[in-house]
Amino acid sequence: MPSEPSPLADQPLKFEAKNLSRSFGHGKKLVEAVKNVSFGIASRDIISIVGQSGCGKTVLAKMLLRLETPSSGTLSFNGKPIGNERDAREHWRSVQAVFQDPFSAFNQFFTIRSQLKSSFKLFKRKPEEEEMEARVDAALMAVNIKPKEVEGKYPFELSGGQMQRMLLARIFILRPQVLIADEPTSMVDACSRANILDYLMKLKQELDMTIVFVTHDIGLACYISDSIFIMHEGEIVEQGPPAQVTGSPSSAVTRQLLDDIPDVHRPWIKRGALD
Amino acid sequence: MLNQYPTLKHILGRAGWYFVTFLVAVTINFFLPRLGDANPVDTMMAKVSAGLDTASAKEKEESYLKEFGLVELDPSGHVQRDAQGKPVRTTLASQFANYVGMSLRGDLGSSILQHPKRVSEIIKAALPWTLALQLPTIVFGWLLGNVLGALAAYKRGVFDQLMYPMALLASAIPAFCFGILLVYVFGIRLEWFPAVGGYDDGLSPALSRQFIASASYYYVLPFLSVFLIVVGGQAIGMRSMCIYELGTDYVKYAKLLGVKESKILFYMFRNAMLPQLTGLALALGTMVGGALITEMIFSYPGLGMAVLTAIQGNDYPLITGCTLLVTVTVLIANFSVDILVGILDPRIRAAQRTGK
Amino acid sequence: MSSPIFEVDNLRAHYLTRFGQKIQAVDGVSFSLKAGEILGIAGESGCGKTTLVSACMGLYIPPLHLSSGDVRIEGKSIIGMNVEQNRRDILGRKISMIPQGALNSLNPTRKVKDLATDMILSHDETADKRQVHARLRERFRKLGMPADDVLNSYPVQLPAGMKQRVVIGISTLLDPRVVIADEPTSALDVSTQKAVIRLLFELMDQGIIGSMLFITHELPLLRHVSNNIAVMYAGEIVEMGTIEQVIFDPRMPYTQALMGSMLSADSGHRDQKPVSIEGAPPNLAHPIQGCRFAERCPVARPDCKENQQVIRIVKDRQVRCQYAE
């Protein structure tokens with residue numbers, strides 16, 4: 001099913017940031033989480049923001065989601081500054097997110113299916129009952145889960161990987177223009193990660209979605225991204241396509257990030273060889 | 001400047017908010033009872049006017065009206081009257097200004113029903129009874145309830161299976177039902193304890209052995225009627241808090257490291273206790289006004305009875321005086337909890353420091 | 001060759017649910033550890049790794065029960081030992097565990113110093129508090145932590161990486177001969193993970209830790225951390241051997257599928273696309289007769305679901321698959 005074409009879909013840049021900063025606290029305790037960053041995110045791209053914990057990547061993602069307000073600089077979505085509409089829901093109809101812990105995103109006292117159905121509440125006009133049911137089924141099939149498998153089930157009855165797929169099913173229902181995925185694989189078994197990332201790519205290919213993927217693992221970023229931003233201490237220190245970033249990294253931070261991932265084919269650390 | 005002392009800043013900030021809450025509460029306290037249009041002076045006049053001639057009755061009425069600030073005075077201090085000779089009533093707003101002024105001077109005025117007794121006198125006489133009834137029930141009930149709840153959570157098994165339904169029952173019975181039940185069974189049927197009152201009719205309050213013995217005897221039923229409910233409620237809350245704590249990762253980790261059971265029990269008790277402290281302070285704060293029903297059932301001469309009779313007789317100064325006392329104690333209790341929990345719980349302290 | 005310091009012999013442990021259901025979470029697990037050795041245990045969530053921790057430590061708190069088998073530390077069985085004796089002499093002292101520290105493994109209302117002191121005093125009641133504090137400072141400093149700051153902090157005041165080091169520090173205070181590390185790095189970013197692994201290696205090299213069982217679902221990590229690897233599936237060990245054998249030449253279809261699902265920095269431009277294993281591990285509340293992986297196995301044959309699978313030796317490693325070769 002093709003998504004409804006948005007009047008702004010042909011805009012070249014989904015997000016554009018100019019000299020964007022976000023700081024917390026004041027005086028001596030001032031922490032600049034994001035420092036003067038500028039970037040553009042093209043429509044239908046998968047962008048990864050990669051860095052260690054505390055590098056500011058989550059704060060940046062939250063600004064894109066309108067959950068944090070920039071301290072200075074401009075951030076626009078489809079050419080309009082974020083935060084201008086009175087109703088933040090207006091923004092969330094276009095920009096949605098999935099987070100680390102899928103369990104906290106669902107209410108444990110309601111069935112998964114009923115919660116997926118309640119996603120339609122975000123729409124200005126709720127579709128007919130049968131259409132809602134059909135779209136929930138289609139979304140479940142999209143993440144390779146037979147609707148029967150989760151019929152009448154509650155969140156605690158599923159594994160972390162399955163729940164993360166439920167979150168993605170919600171995205172297949174909502175069909176936002178942009179998806180912000182903040183460490184969606186960190187609570188998923190290593191052997192199911194590729195799966196989750198494959199669904200992100202499917203969202204892009206089938207629904208023309210723009211995806212911002214936030215992770216500390218540059219390996220995951222390489223797997224799905226069109227472009228990678230490396231963040232360090234609030235700044236974007238390197239950006240480019242995965243082959244370039246991993247093949248010939250220009251920044252020491254990138255080299256470190258690549259170095260720190262344990263890979264079966266590369267040396268990592270040696271016992272007894274302490275440095 | 002204060003940013004260097006986040007804790008002090010936090011305390012001052014909280015204090016500011018409590019002050020605002022206080023002002024709002026005081027305003028509501030004043031206006032709420034006065035929303036009805038009953039005129040207390042008419043009530044008083046009905047009581048005293050019998051046998052007075054018109055002139056002296058009028059004089060009496062004027063003195064009442066003046067005392068309660070219900071009429072406008074002319075510059076010479078006489079009651080202003082309109083064309084029909086009726087006294088000119090003050091507006092609610094100017095009554096309020098008068099009330100605030102008096103309150104700030106610590107003057108709560110005099111009671112209407114028990115005129116000319118001062119409100120502060122009535123409160124002073126009733127307060128010890130209420131405190132004697134409420135303070136021990138709340139403090140001991142809270143302690144016993146928490147220990148029972150913690151034990152039930154820790155030991156589980158038969159102890160829990162017995163304690164839990166009993167606590168549920170105790171806390172679920174409405175206070176008045178339980179009180180009436182006690183009065184009926186132990187006061188009327190078995191006649192073990194006096195059913196109503198605070199002491200023997202023949203005695204008057206004094207620090208004599210005879211009076212204390214009598215008061216203690218009368219104390220048993222009202223005490224039990226509140227105590228058991230407090231124990232039950234606290235035990236249930238503490239039990240579920242402890243069960244939660246026992247299931248946490250830090251308890252599992254401590255067990256796997258071979259940390260002693262007594263230490264783990266202490267971790268559990270302390271962490272489960274933090275939210276319970278809030279409950280204690282709230283109970284202490286509301287205790288002044290909280291025993292209304294118990295005092296009614298047992299005709300116990302405390303503040304609750306005083307408020308009840310005041311409301312029945314539109315005795316505004318007394319109502320406002322009592323509610324002011326309740327407001328102040330509730331706010332002080334809440335404020336102390338805020339500060340105390342902040343000191344005891346490092347998680348909250350950290351949150352205060354970062355201002356989140 | 002030295003004799004093993006830790007032996008687990010055909011260990012079986014089960015949960016008894018309130019409704020009388022028996023869940024065999026650990027089934028016939030055997031392995032042994034020599035001094036200085038690290039055995040990696042790999043498997044996805046729900047494979048019984050976490051139950052194995054309690055089971056190996058002899059700590060059976062209902063609903064977990066021992067079904068059969070034996071656990072020996074330095075030749076002495078800890079199964080059937082009096083609970084209090086096990087607590088005082090074994091747990092934390094001979095065998096210790098390292099949890100995922102970024103979770104709430106530290107009591108939030110107690111300072112690190114007090115938690116560590118509780119741990120020591122629980123095993124040595126006569127110890128003098130001041131001496132204990134001095135000992136703590138010395139040990140934390142030795143492990144490269146700012147001892148005074150860290151010891152006087154509450155857990156909430158520490159960043160995730162430091163919390164994990166603190167947990168490691170506390171777990172190894174009594175120089176345990178065996179340490180079970182249960183996903184110690186899975187909540188950390190890659191750089192902090194590396195630092196934590198360095199710390200563990202240092203503890204091994206200094207002899208503070210005798211030997212280690214390292215549990216994780218990240219095979220690439222195990223490749224660098226452990227000497228030998230045991231792959232667990234549905235409560236059983238399905239393949240066990242050296243790194244060379246298990247990582248680079250897996251024989252069990254499950255291990256092959258695990259390896260095929262791993263992502264790495266190079267995987268974007270490698271010919272083989274990572275493939276996740278579809279489906280979920282079986283529900284252990286119902287006894288399974290045949291191979292437990294058969295449902296999801298890409299090369300399963302009709303009789304795999306019927307024949308009980310036993311450990312076979314294939315190319316020098318243990319494999320629980322009748323067709324592996």
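This is a predicted model: local features need pLDDT of at least 70, side-chain atom pairs count only at pLDDT 80 or more; totals for chains, interfaces and linings use all residues.
For chain C, the mean pLDDT is 91, with 96% of the residues at 70 or more.

Now to the place where chains A and C meet. Here 34 residues of chain A are in contact with 36 residues of chain C. On the chain A side, four helices each supply at least two of the touching residues: α7, α8, α9 and α10. Their residue ranges are listed here.

| Helix of chain A | Residues |
|---|---|
| α7 | 193–207 |
| α8 | 218–224 |
| α9 | 242–247 |
| α10 | 252–260 |

The largest share comes from α8(A), with five residues. Sorted by class, this side of chain A has 17 nonpolar, eleven polar and six charged residues.

Over in chain C, helix α3 covers residues 112–123. From its first C-alpha to its last, this twelve-residue helix reaches 17 Å, close to the expected 16 Å. How many of the twelve residues of α3(C) are buried? Nine of them are, so by the cut-off of 20 or more C-beta neighbours within 10 Å, the helix is mostly covered. Among the buried residues are V112(C), L115(C), M119(C) and I120(C), together with D118(C) and H123(C).

Terms used: Residues are numbered from 1 along each chain as its sequence is written. Chains are lettered from A and ligands numbered from 1 in the order in which they are written. pLDDT is the predictor's confidence in each residue, from 0 to 100. Two residues are in contact if their C-beta atoms, placed from the backbone, lie within 7 Å. Ala, Val, Leu, Ile, Met, Phe, Trp, Tyr, Cys and Pro count as nonpolar, Asp, Glu, Lys and Arg as charged, and the others, Gly among them, as polar. The expected span of a helix is 1.5 Å times one less than its number of residues.
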